[in-house]
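Subject: Structure handover

Hello,

Here is the structure for you to take over. My notes on what was found in it follow below.

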Amino acid sequence: MRIVIVGDGKVGSTLVANLAGENHDIIVIDTDPHALTSTTDRYDVVGICGNGAAYAVQKQAGVDKCDLLIATTSSDERNILCCMVANQLGAGNTIARVRNPEYASHMKYLKDNLKLSMYINPELEAAEEISRILRFPTAIKVSPFMFDRVEMIEIRLKEGSPLVGMSLVKMKRYYNEDILICTVLRNDKAIIPNGEFVLEAGDRVSIIATPEVLNSFARKIFPNSHKVRNVMIIGGSRIAHYLSKQLVDVGVKVKIIDNDLNRCKELSAELPEAQIIFGNARDRELLLEEGLEKMDAFVTLTSVDEENIIASMLGVTYNIQKVVTKINDTDMAAMMYKLGLDVAVSPKDITADTIIRYVRAMANSGESSMTTLHTICNAQVEVMEFRVEGDMPFLGKHLMDLHIKAQTLIGCVVRNGQAIIANGSTTIEKNDNVIVVAAKGKIKELGDILR
């Protein structure tokens, strides 16, 4: 496909890095020549220096012949204008990055009237991911599928965990829960295990099941965990705004600390049910005065990765049940885990996953369409949900009889609204939703699962 990306910042460059290896014809537009040179030197893409909202620049980029234009600049208004111009030129599809909470409440109206194919709000998506993690206090990551009928959670096994030393076959027999362990991250290497695989302390384990079964299983292996009722947030960002509204709506007490007095005043007006504190998050005495030690969760959302990591380390020092760290540089994730910071959330990576899923759905053959995509295991593994829409050669056959690719796993089949955790006797039928786990980039559509 021919794809034009306007904006070569954090989100744009992440999209280029992910899409450049998928045989697309990519053109990147940005006003910064140095950023463009860095991108074109690293990837086989075309760079055009200019204003991506300008008709002449879009014409030069061939937007009139492109399949998709993605506007990811730092300005919501420019992104919307880029898509309007692209639609006038005849672009096949348009996606706009829109972040401002003032637009969020009427984006459906704007989408319909501006003929946007999709809009994405990275901060809102990040807030929703953090909210899911806080609602499941034992999880490092929570990935929903099929309108939340199925979830995948990621947990870290610590010394003393009842799962340490167990094979997967023994665990399944002992706990008698309808779950499937899909991946294990051990020593920074992602493994799709078989039944004889033995779990060890330090493993990060991804488990798929229905939410009810996952909750039941988590209560058995984490008997001392409890619901999050009090949350301290560092940084009054847009993510903090969205997250606080979601938490307050479900009865969670929220306290936000920010060092910008004007922003504190804005948040006080926007979030009357949250407590807003003006102060420096590096001030340990202030945090202790505001009840840090009594918090169930501690979330760091400043614009600086290093500040978030340092603040999160303080939260770990006081044994807070759940510490969540927002990062922009995902290369820092491995270092964070070594520091004991398990939960990292990256808005740009969430955005990239959503857009890549859309791009792959456009490129699918028509026999299946991708509806959900999540990356796990330090971005080494993709978990994809496909809708079976046509006749495929393996329909009706038991999974044990199929020649499925190495490092590929069928995790779950959802049929008539009912989730079926996959085993050897499971079949895939037309109109099913199928969740596939595979090494990153190996599966683009459901038909790719076979050798």
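Contact, as used here, means heavy atoms within 4.5 Å. Helices (H or I, at least four residues) and strands (E, at least two) are DSSP runs, numbered from the N terminus. This is a predicted model, in which local features need pLDDT of at least 70 and side-chain atom pairs count only at pLDDT 80 or more, while totals for chains, interfaces and linings use all residues. Residues are numbered from 1 along each chain as its sequence is written, and side-chain values use heavy atoms, with hydrogens and water left out.

Helix 1

Helix 1 covers residues 10-19, and its buried residues are Val 11, Gly 12, Thr 14, Leu 15, Val 16 and Leu 19. Buried means under 20% relative accessible area, exposed means over 50%, and partly exposed is in between (1.4 Å probe, protein chains only). The cover over these buried residues includes strand 1 (2-6), strand 2 (25-30), strand 4 (68-71) and strand 5. Helix 2 (33-42) and helix 15 (347-363) are also among the elements that cover them.

Salt bridges

A salt bridge is a side-chain nitrogen of Lys or Arg within 4 Å of a carboxyl oxygen of Asp or Glu. Side chains of opposite charge can pair when their charged atoms come close. By this rule the model has 18 salt bridges.

One of them joins Glu 123 and Arg 99, with the closest N and O atoms 2.9 Å apart. This pair links distant parts of the chain, 24 residues apart: Glu 123 sits in helix 7 (residues 122-135), and Arg 99 in the loop between strand 5 (94-97) and helix 5 (101-104). Glu 123 counts as buried because its relative accessibility is 9%. Arg 99, at 16%, is buried as well.

Another salt bridge pairs Glu 270 with Arg 263, where the closest N and O atoms are 3.9 Å apart. Glu 270 has a relative accessible area of 35%, so this residue is partly exposed, whereas Arg 263, at 17%, is buried.

Asp 349 forms a salt bridge with Lys 348, and here the closest N and O atoms are 3.6 Å apart. Asp 349 is partly exposed at 23% relative accessibility, while Lys 348 is buried at 13%. Elsewhere, Glu 22, Arg 360 and Glu 382 belong to one network, joined by salt bridges that share partners.

Aromatic pairs

Rings of Phe, Tyr and Trp (its six-membered ring) pair if their centres lie within 6.5 Å; planes under 30 degrees apart count as stacked, over 60 as edge-to-face and the rest as tilted. The count comes to 2 aromatic pairs. Tyr 174 and Tyr 175 form an edge-to-face pair, 4.9 Å centre to centre with 80° between the planes. Tyr 174 is exposed, with a relative accessible area of 58%, but Tyr 175 is buried, at 9%.

Tyr 175 also makes an edge-to-face pair with Phe 217, at 5.5 Å centre to centre and 85° between the planes. That pair links distant parts of the chain, 42 residues apart, with Tyr 175 in helix 8 (residues 168-175) and Phe 217 in helix 9 (residues 211-221). Both Tyr 175 and Phe 217 are buried.

Regards
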